[in-house]
Amino acid sequence: MCAHYEITLNDVSKTFGKKIALDKMSLKIKKGSIFGLIGPNGAGKSTLTSLLATLSLPDGGTVTISDLDVISQVKQVRKKIGITFQGLSIFTTGTAWDNLLIAGKMNDMNTSKIKDRGEYLLKEFNLNQVSNDLVGTYSGGMKRKLDIAISLLHKPEVLFLDEPTTGLDPESRNILWQIISNISDREGTTIFVTTHYLEELNNVATDIALINNGKILDVGTPKELINKLAADHIEIHFSNLNSSMIQKLDEYVSNLVEVVNYTIKPRSLIMIGSKGQQIISKLLEFLIRNEVEIEFSELKQATLNDVYLANFTEKGAK
Amino acid sequence: MNNISLILLLVKKRLTPLIKNPIGILISMFQPLIFLVLFGTIFSSVFSTSGFDNTSYVAYILPGILIMNALFGGIYLGMSTLDDIREGIFSRYLVAPKSNLFFIAGDLVYIFIFQMIQSFLLVVIGFFLGFKLPSGIIHPIIFLMTPALFSCIIGTISIGIAVLTKKHSTMISVMQFLSFPLIFLSSAFMPSNLLPKWISIISWINPVDWVVRASQSTFNHSLAMNYYLLIVLSLFIAVFFCKFTYDVQRKK
């Protein structure tokens with residue numbers, strides 16, 4: 001029916017009392033893609049994830065995963081999906097193998113299949129040396145790796161990752177993403193991910209959707225979204241500003257038409273704006289005129305972070 | 001086959017901490033043990049009161065003590081579910097392509113085994129205080145199985161309440177509210193003909209009383225089948241309730 005797409009949503013609505021969590025949302029996610037969903041808290045990310053993961057039901061509209069209806073064919077859908085929740089979902093009084101065996105049996109795998117697949121995943125996630133140790137003795141990063149390995153055990157067609165790298169150090173985050181994208185490449189798994197670490201998505205996501213107030217604002221590749229913003233990232237760092245100077249600078253920047261969004265702090269001004277060179281010249285002139293000691297200024301290409309700031313943060317945040 | 005393996009793995013998951021720390025089996029039956037020793041000693045003189053058919057007061061109250069222990073054990077089963085919710089395992093159960101009944105069955109098999117072990121230990125202690133098992137082969141087995149079955153009923157309800165409330169404090173309130181009134185509004189410690197009339201009436205609708213009477217009937221020639229039917233029926237209703245609590249987790 002729609003062989004090219006793994007997940008489709010048509011006019012999906014969901015309300016909690018008077019609050020509209022999903023507002024007639026339509027979305028298509030390609031097979032084998034790594035799809036990132038970004039938006040502020042309360043935008044509808046968790047509601048959408050829980051709906052796709054068959055943990056909740058929509059009020060209206062249709063949702064399909066691998067051409068299966070998530071409402072009427074829930075058992076078949078569950079066989080095709082894996083999920084890593086925001087918090088860990090492993091029992092710590094057992095070993096990695098105890099966890100894998102239960103997860104495998106929950107997905108109707110026979111023991112030899114669980115062993116083969118488990119060994120492969122434990123090796124991929126570098127947990128094979130500790131597979132017989134109690135999970136309670138693992139570090140946070142190891143527990144998260146095991147959690148994701150469990151979600152991948154039954155070779156799901158779609159893997160949902162709800163903020164999978166929260167609480168991990170940068171090195172562990174990089175390693176984790178490397179493993180996830182390798183497995184996705186090799187097995188063609190579609191990955192649906194929500195995260196607050198946008199720079200990670202920049203490196204791994206094939207497509208990204210911006211969501212706010214239960215609506216999809218935009219969808220595209222990271223590059224497309226950055227290009228659409230058509231803006232530069234500008235940073236000026238200076239000596240500590242007093243409150244009256246911050247006020248003055250705020251008034252000045254807010255009147256610059258090229259500025260899309262900006263944040264002022266006592267020691268820095270971070271902006272997103274078109275014609276970055278012009279903005280930086282005007283600002284440096286303004287700061288020198290007001291006897292502000294400038295430490296350094298920087299003009300660079302906008303990133304996904306800037307896309308986020310431009311779409312979701314209040315202009316002139318302090 | 002995979003389903004049986006899953007249930008056994010879930011049982012192993014629950015039993016592993018107890019195997020590693022078997023003293024936990026004794027600690028969790030401490031209260032019923034105290035009741036057995038204290039009540040058995042303090043109220044032994046009641047034995048001379050008319051209305052008792054048994055050879056000693058301990059012999060009379062031991063079935064009730066086993067039921068009391070099963071009630072506490074069953075109520076605490078919901079705490080394990082709360083641990084599963086806290087550890088996030090429960091969320092995995094909810095998205096698994098399996099009927100929730102398998103997860104409930106895992107817990108029930110565990111509590112059944114656990115109660116059988118504890119009942120056996122209490123019987124051994126009771127033996128030194130003058131208790132004797134029913135004669136024959138079948139009746140002693142049924143005598144030990146009866147509290148275990150009862151703990152399955154209470155355990156299932158307890159899991160359901162844990163799934164619905166998701167709070168330790170609520171579970172503790174429910175436990176405190178239910179446990180002692182259910183025990184003392186039954187013939188666990190006193191034959192119904194010696195109980196005040198109003199307690200005797202309430203005991204008719206008290207499941208603890210049904211189980212105590214069923215358990216006591218193992219000492220007779222014929223079992224009180226009507227009570228056993230009530231127990232089995234209650235178990236089915238409890239499982240149905242528990243499954244319902246799992247099903248409603250897929251929020252509308």
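S169(B) sits in helix α8 of chain B. Helices here are DSSP runs of H or I with at least four residues, strands are runs of E with at least two, and both are numbered from the N terminus. This is a predicted model, in which local features need pLDDT of at least 70, side-chain atom pairs count only at pLDDT 80 or more, and totals for chains, interfaces and linings use all residues. Residues are numbered from 1 along each chain as its sequence is written, while chains are lettered from A and ligands numbered from 1 in the order in which they are written.

Is S169(B) buried or exposed? S169(B) counts as exposed, because it has 8 C-beta neighbours inside 10 Å. A residue is buried with 20 or more other C-beta atoms within 10 Å of its own, exposed with 12 or fewer, and partly exposed in between; the C-beta atoms are placed from the backbone. Between S169(B) and G73(B) lie 96 residues in sequence and 17 Å in space, C-alpha to C-alpha.

S186(B) is in the loop between α8 and α9 of chain B. S186(B) is buried, with 26 other C-beta atoms within 10 Å. Leaving aside neighbours within four places in sequence, S186(B) contacts S203(B), N206(B), V208(B), D209(B) and V212(B). A contact means that two C-beta atoms, placed from the backbone, lie within 7 Å.

## Helices α10 and α11 of chain B

Helix α10(B) is largely enclosed by the rest of the structure, because 11 of its 11 residues are buried. Among them are W210(B), R213(B) and Q216(B). The cover over the buried residues of α10(B) includes α4 (57-87), α7, α8 (168-184), α9 (197-203) and α11 of chain B.

Helix α11 of chain B covers residues 225-247. At 1.5 Å a residue, its 23 residues should span 33 Å, and its end C-alpha atoms are 33 Å apart, which agrees. The expected span is 1.5 Å times one less than the number of residues. The buried residues of α11(B) are Y227(B), S234(B), A238(B), V239(B), C242(B), T245(B) and Y246(B). Their cover includes α6 (100-128), α7 (138-165) and α10 (207-217) of chain B.

## Chain A as a whole

Chain A has 11 helices and 14 strands. Its C-alpha atoms fill a box of roughly 75 × 45 × 35 Å, taken along the principal axes. Of its 318 residues, 41% are buried. Among contacts in chain A with a separation of 6 or more, 71% join residues 24 or more positions apart.

Chain A is divided into domain 1 (5-226) and domain 2 (231-301). These bounds come from an automatic or database domain assignment. The centres of the two domains, taken over C-alpha atoms, are 40 Å apart.

## Confidence in chain A

The mean pLDDT of chain A is 90, and 98% of its residues reach 70 or more. pLDDT is the predictor's confidence in each residue, from 0 to 100. Among the elements of chain A, helix α3 (residues 96-106) has the highest mean pLDDT (96). Helix α11 (residues 304-312) of chain A has the lowest (84).

## Two loop residues with positive phi

Most residues other than glycine have a negative phi. K155(A) is not a glycine, yet its phi is positive, at about 50 degrees. K155(A) lies in the loop between α5 (140-152) and β7 (158-162) of chain A. K155(A) is partly exposed, with 17 other C-beta atoms within 10 Å.

N213(A), also not a glycine, has a positive phi of about 50 degrees. Its place is the loop between β9 (207-212) and β10 (215-220) of chain A. N213(A) is partly exposed, with 15 other C-beta atoms within 10 Å.

## Where the chains meet

How many residues of chain B are in contact with chain A? 21 residues of chain B contact 27 residues of chain A. On the chain B side, α1 (2-20) and α5 (89-95) are the elements that give two or more residues. The most come from α1(B), with 8 residues. By class, this side of chain B has 9 nonpolar, 5 polar and 7 charged residues. Nonpolar covers Ala, Val, Leu, Ile, Met, Phe, Trp, Tyr, Cys and Pro; charged covers Asp, Glu, Lys and Arg; the others, Gly among them, are polar.
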